[in-house]
Structures are given as structure tokens and as C-alpha cells.
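Please open the model in a viewer and keep the sequence panel at hand.

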Amino acid sequence: MLTRNCLSLLLWVLFDGGLLIPLQPQPQQTLATETRENVIHLPGRRTHFQRVKRGWVWNQFFVLEEYMGSEPQYVGKLHSDLDKGEGTVKYTLSGDGAGTVFTIDETTGDIHAIRSLDREEKPFYTLRAQAVDIDTRKPLEPESEFIIKVQDINDNEPKFLDGPYVASVPEMSPVGAYVLQVKATDADDPTYGNSARVVYSILQGQPYFSIDPKTGVIRTALPNMDREVKEQYQVLIQAKDMGGQLGGLAGTTIVNITLTDVNDNPPRFPKSIFHLKVPESSPVGSAIGRIRAVDPDFGKNAEIEYNIVPGDGGNLFDIITDEDTQEGVIKLKKPLDFETKKAYTFKVEASNLHLDHRFHSAGPFKDTATVKISVLDVDEPPVFSKPQYTMEVYEDTPVGTIIGAVTAQDLDVGSSAVRYFIDWKSDGDSYFTIDGTDGTIATNELLDRESTAQYNFSIIASKVSNPLLMSKVNVLINVLDVNEFPPEISVPYETAVCENAKPGQIIQIVSAADRDLSPAGQQLSFRLAPEASIKPNFTVRDFRNNTAGIETKRNGYSRRQQELYFLPIVIEDSSYPVQSSTNTMTIRVCRCDADGTILSCNVEAIFLPVGLSTGALIAILLCIVILLAIVVLYVALRRQKKKDTLMTSKEDIRDNVIHYDDEGGGEEDTQAFDIGALRNPKVIEENKIRRDIKPDPLRLPRQRPAVEDNTDIRDFINQRLQENDVDPTAPPYDSLATYAYEGNGSVAESLSSIDSLTTEADQDYDFLTDWGPRFKVLADMFGEEENYNPDKVT
């Protein structure tokens, strides 16, 4: 810092004394600093004729990071050439950290840092300075920009961002073989001092590995490191800044190094001779023993291939490598026989599959061992002379006929007699029998080839000396055919012929089937039956390949004359004795188009109108049915509508006509009557049936004289009363109709209980006798009871 300040002071003296003059003077110098006091001069406005002294251009300050002093850290000073020290100039500061990190004395221009700074967080701050008139607030000169740099200190240790590391190097590598390069990062300023200059060293891992102090490259330091001796190494690496000098900060990391395998070891057998014992009954392909060579290498370098060295007995055995255990598995290629040979000796060679040419000089990468196999004697079951027996018999062979024999013998030393019997699980129906001593097979039932053409069962042979030792053989018996069934048509054919058919046309290809097992080359012949050969309408053409064609003999056929034709066909086979059958085919005459496509084969279609198809007739009938259904539905709805005009809902709140099951129900009887007819006399003709009685479905409605359209309500009520009086079909009980409008001039006045007297005084009801016979019961009732309450009349 002292050196830098002295240099700045020297430059200032040179410029200020006129010793150094800029080559290209400018009217305004943006930023100039008086280095002796760390001052930035802000030049004011001058004329072009005034000579101006120029200072050294210095547009940045420095501030120390991580400052821990009690007072704000002094950064520098702003000064304008127009500031005469009279207090008329005000300095302002703006930009990065102005007011929060840096403050300025508005009068003196001194800049201070008010908090500790971290260069790694922000290395520099760009600010703008302005000198303004303290009274007018107008700028005295243009705004100037300068930079405050945070000066670095060594406060960060080197760090291995990618650690811990994992590396590998092949075993037996030479000295200096590359392993891995590590890198430490120091957050300090690499352009200033040695704070970020890192030096690498090994703290743990010598003498096996070394590291380049500048680059961090790790290399091997010892030759011929053997993986089989030691495979894993852990190396501790240190990175120290300040060039490794005393007082520098350091960081460490771990590098785990693995020696990878190379094929530097041949396989070796742990012993020179392997002894194996094998029973003579071992099946072919079975594993009879295992041998193993040891290879200390790993992975594919330890893969071993085993081979049998050609020699005595080696052709009976084979050896393969078990990929999981790297063992040699010896397998049996041919069956063993103790009575023939009791021991075998051969050599086995073990070698590596993947060789490394660098180690060829060490010798051959293979080893050889001797294998001795001893065959053990085993009491074996009898052995059949054939692996399978096949026999033939005709289906008409008599019961008890011998059709063949099986043979088995005991091959062991001191052979025993053999007994034969049929395995009942495979011949449960007992169609055959076997002689237990000589093994002859005979029929036990009559055979039918058409029922079963082949029999497959097993015969068991066991030793008499040891019945548990058994062997089994399969016997296949084919039942030969005897020609006893005639050939017949394979499937029932129903052939069609067009009315416009021409002579010589093939209308159907027929084939036949014979339930007998036809011998090779058998031919079936087809011909027309003799009774159909006289003036035939159709004939049969034999194609000589067990098929025939039905051929037309006429020019056109008519459905009106004959719809069906029956054609008898004789089919004959070529076996002995010859069998034949007559098969009748049905031929139907159909209407076809010009291309021979059948249009219709029904005889009813002949009588249909020309040009009208069956589909069209069905559509017409459906339309007629739908129209009839609509008419019936309409009539039913009309009738239902007339019935629905009766008011049956108890929810309808209107003036009601009360009907009773006895001589009166009182005010609580609320069966409704539609009073709408009283309000509209024009609708009275639409509903003349009484609603206070149950209508009789068998009685015809009564005819009443029509009411004139201009009849008022009073005349209408009188007319209704007269109709009820003279109606002979009315039921024998009284009914009373109330109306929303009762009219004027009634001799009974109002019958409503609303306008009745509230007192219980006696009233005169003699006028009821004048109302006619319909009110006779009511008049008698009121005449007899003096205390009758008129409020109950509704």
C-alpha cells in the first residue's frame, strides 16, 4: 500500500508541476485523483483559453476486505475544482452500495465504508459522483463514475469440490503410471498476491503414489504392485495456498485407488491326480464329478477352459466349465458297463481364455492333471432287445391269436430269469395278453379298426431274483382294415340349379368318404343309378380323383312344373370285397340373374307381383300395422280424456258437490265436484253425466235438452233442479249441490253457514216441503228435530 501511494504521489507531482503534459488535452476530465490523499478531482467548467493543470487520471479506489475496525473504513475523497472551501458545494454519491455500504460527507467529499466487505461476494462497486450547488441544487459539472475495488486478503482455504475421489490403475503398472488428477479451488483473488496459489502434496499414501505439486496429477511411485497382495489404497492429498509457505491455508481430500486385475497368474491344479467313482447305471449326459484349477486373478482373467487330452478312455467322457464356480464338470457321453470295463484314465488340461502378452515370458498359462474313474457294479434291471416294438393285426382276427413277442434279458453276472406283464395303466381295457415266461402277445378281445385304429401300451420286464428291478418298453399295435363299409357322400348336399341353366353345366362337386382304412391307391367311382338313367335331367361326371360333378342335361328348368329333383348316385370303392352305396341328392330349381347368381329359391316367389320384392311387401304391411296402431291409440286417448274430466283429485280446491254413502256426511265430506260448468254455461253440454254418483259403464247417457247459449245462471240452476227431480235413474239418496254463485230470488235464500245467525234460535224449515220430492227426507229431518244446528248444512 505504501509503495502504491508513493507512486501515485510521484505521478501527481510530475503532472501538477508541469513535468508531464497529456498529449491530447480534453475540455472536461471525468475523474482525476490526487493520489497523495486518495482524492478524486471533479474539474469545473472553464473557457477554452484558460490553461488547465491536469492530474493523473485515477478512476478507482481500494478498500480492504474483512475490515474489523471499530470506526468506518476510510475509502477516499471527492473534490471538485470549483470547490473553494467556502461550503457552497455539496457532494452526492449514487450507484452500487451508495448509502448502504458506502457513505459520503456532503461537505468534504470523504467516502467511508460502513460495513465489512467480502471480495468473494462482490469484488468491486461502481458508483457515480456529483457536485451540486448547495443553494440552487444545480449540478456544477457532469456526473462522474468511478470504481471501488475490494482488496483481497487470504481468508479462504483451498477446497476440493469433486472430492472424495475414486480412481483405479492396473496392477503391475510401471513407475509413473497416470492414476488421477485432483484440483483444488481457492476463492481468493488469483491476480493479487499468493492467496490463490495452490501447492499439492501427499500426507498419506507414500511410497506407493506421488503427486505433482503444481498440477495435482497422481502417479504410481512403486513398480509391480500386485493386486493379489493388496488391492485397495487410500491416499490423503493436501492443497495449501500462499505457494505452500508458512501461514497459508490448507484443504485435504481422500483418493481411494483400486488396483485392477491383469492376467498375470496362470491356473494351477491343487493336486496332480483326481479319483472319481461312477456307478455303471449313470445315465448318459449326467455329471459324474467335478475338478477345479485355482487362478488368483479376478473376473474374465480368472476364466478357465477345461479340455480332455486325447487318450485312453477320454472318448467316453466330456468336460465343461461351470461359469459360476469355474469348476470343470465331467459328464458321461456313453453308457458305462462294469462287465465290459471297470476303470478309465485320462488327462485334463486347464488354461486361461484371455491372455496378456506382457506375461508370456513367465511361461505357459495352463496346467494338466490326471483323472482316474472307477466304474462301480450295479444290479441292473433286464434290458429289452428293442427300444420299441411295433406289431400289426387285422381287425377280424379271432381272440387268442398271437401277434408278436418281446424279449428282455439280464446282463449282470449270474443272470436271472425274466418275467413279463402288461402295465395295466396303459392297457386298462385288456385288449391284449402276454405270456409271462416267453413274452408272446395275443389278442384278448375282438378288434374294430373303426373304433380304435391303434393301441399303445407298455410291457414291464422284471428279474425273478429281484422283482423290484424292472424295465419298461413301449408296444405299438396297428389294427389293419378289412373292407366292410361302403363309401358315402362326405356331407349332405342340397344343390341348386338355375331356371336358365344350359346343358353341360357342372352345378355341384361331390366327394365321398369311406369309414374303412383305404389302402394306398384305392379309387372311388361315381355313376348314376340305373333307375335314373332313362331320360335323365341330370347326370354324374366322374373326375377319377375320388370326386364327381353333377351335370345338367336340359336347356332350362321351370319351378312351376317341378321345384325339386332327386338324383340317385352310386359310389363304389376298389377294395376287396367291393362295397358300394346309393346316395340321393336333392336339387332345387331357383331363379337366377343373367350371371348365374341365385335370386330366389322359394316357390311362393312365383306368385308375387312382378317388380315387387318380398322386402317391399313386408315394408307395406308394417306401415299398415303402424297406422292401425295409431288409430287405436287415438281413439283410446279420446275416451280417456272424457273420463279424466271428472274431478277425482282431493287436492283441487274449488266449490264442491258432496256425495254421500248415506243420507249426509256433513261439512267434513269434501269429495269435490267441478263447479267450472256454473261459471261457463257454454260447456254444460259436454258433461251431462252426474258426478255425484258412480257412473254405470253399461248405461247409455241420458239425453237432455240443450241449454241455450244465452241462459243465465239462475235459469240454469232451475233447469238442473227440474232434471234431477224427474230423473228416474238417480240413486235413492239425496245430494246437495253448492255453487260459487247462488243467484238472486231463491225462495230458500242463502244456504251458506257463513251468513247464518250465530244464535241458536229456532228457525222455520217448512219451506223445504215446497222443494219437491227430492228434499222430502231433508224436510222431515228438520221438521222433527227442533234443536238442529243449521251450520252443519254446507
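This is a predicted model: local features need pLDDT of at least 70, side-chain atom pairs count only at pLDDT 80 or more; totals for chains, interfaces and linings use all residues.

Residues are numbered from 1 along each chain as its sequence is written, and side-chain values use heavy atoms, with hydrogens and water left out.

**Stop 1**

Strands here are DSSP runs of E of at least two residues, helices are runs of H or I of at least four residues, and both are numbered from the N terminus. Two strands count as paired if DSSP finds at least two bridges between them.

Now extend the selection to the whole sheet, which is open, has four strands in the order β25-β32-β31-β28 and shows mixed pairing. From one strand to the next the twist averages 30 degrees, where axes are lines fitted to C-alpha atoms and angles run from 0 to 180 degrees between N-to-C directions.

**Stop 2: the strands around β23**

Select β23, residues 366-376, together with β17, residues 273-279; these two pair in the parallel sense over seven bridges. Phenylalanine 274 stands opposite valine 371 of β23.

**Stop 3**

Move to serine 281, in the loop between β17 and β18 (287-292). Is serine 281 buried, exposed or partly exposed? Its relative accessibility is 42%, so serine 281 counts as partly exposed; buried means under 20% relative accessible area, exposed over 50%, and partly exposed lies in between (1.4 Å probe, protein chains only). Apart from neighbours within four places in sequence, serine 281 is in contact (heavy atoms within 4.5 Å) with Val378 and Glu380. Aspartate 377 is 96 residues from serine 281 in sequence, yet the C-alpha to C-alpha separation is 8.3 Å.

**Stop 4: a nonpolar surface patch**

Select Ile618, Leu622, Ile626, Leu627 and Ile630, which form a nonpolar patch on the surface with about 500 Å² of accessible area together. Isoleucine 626 belongs to helix α2, residues 614-644. Patch members have over 30% relative accessible area and no salt bridge; nonpolar side chains (Val, Leu, Ile, Met, Phe, Trp, Tyr) are joined within 5 Å, and like charges within 9 Å. A salt bridge is a side-chain nitrogen of Lys or Arg within 4 Å of a carboxyl oxygen of Asp or Glu. Accessible areas come from the Shrake-Rupley method with a 1.4 Å probe, and for residues only the protein chains shown count as cover.

**Stop 5: backbone geometry in loops**

Most residues other than glycine have a negative phi, and most peptide bonds are trans.

- Glycine 163 and proline 164 are joined by a cis peptide bond, with omega about -5 degrees; proline 164 is in the loop between β9 (144-151) and β10 (165-170).
- Glutamine 206 and proline 207 are also joined by a cis peptide bond, with omega about 0 degrees; proline 207 is in the loop between β12 (199-204) and β13 (209-211).
- Arginine 544 has a positive phi, near 65 degrees; arginine 544 lies in the loop between β37 (538-542) and β38 (547-552) and is exposed, with a relative accessible area of 63%.
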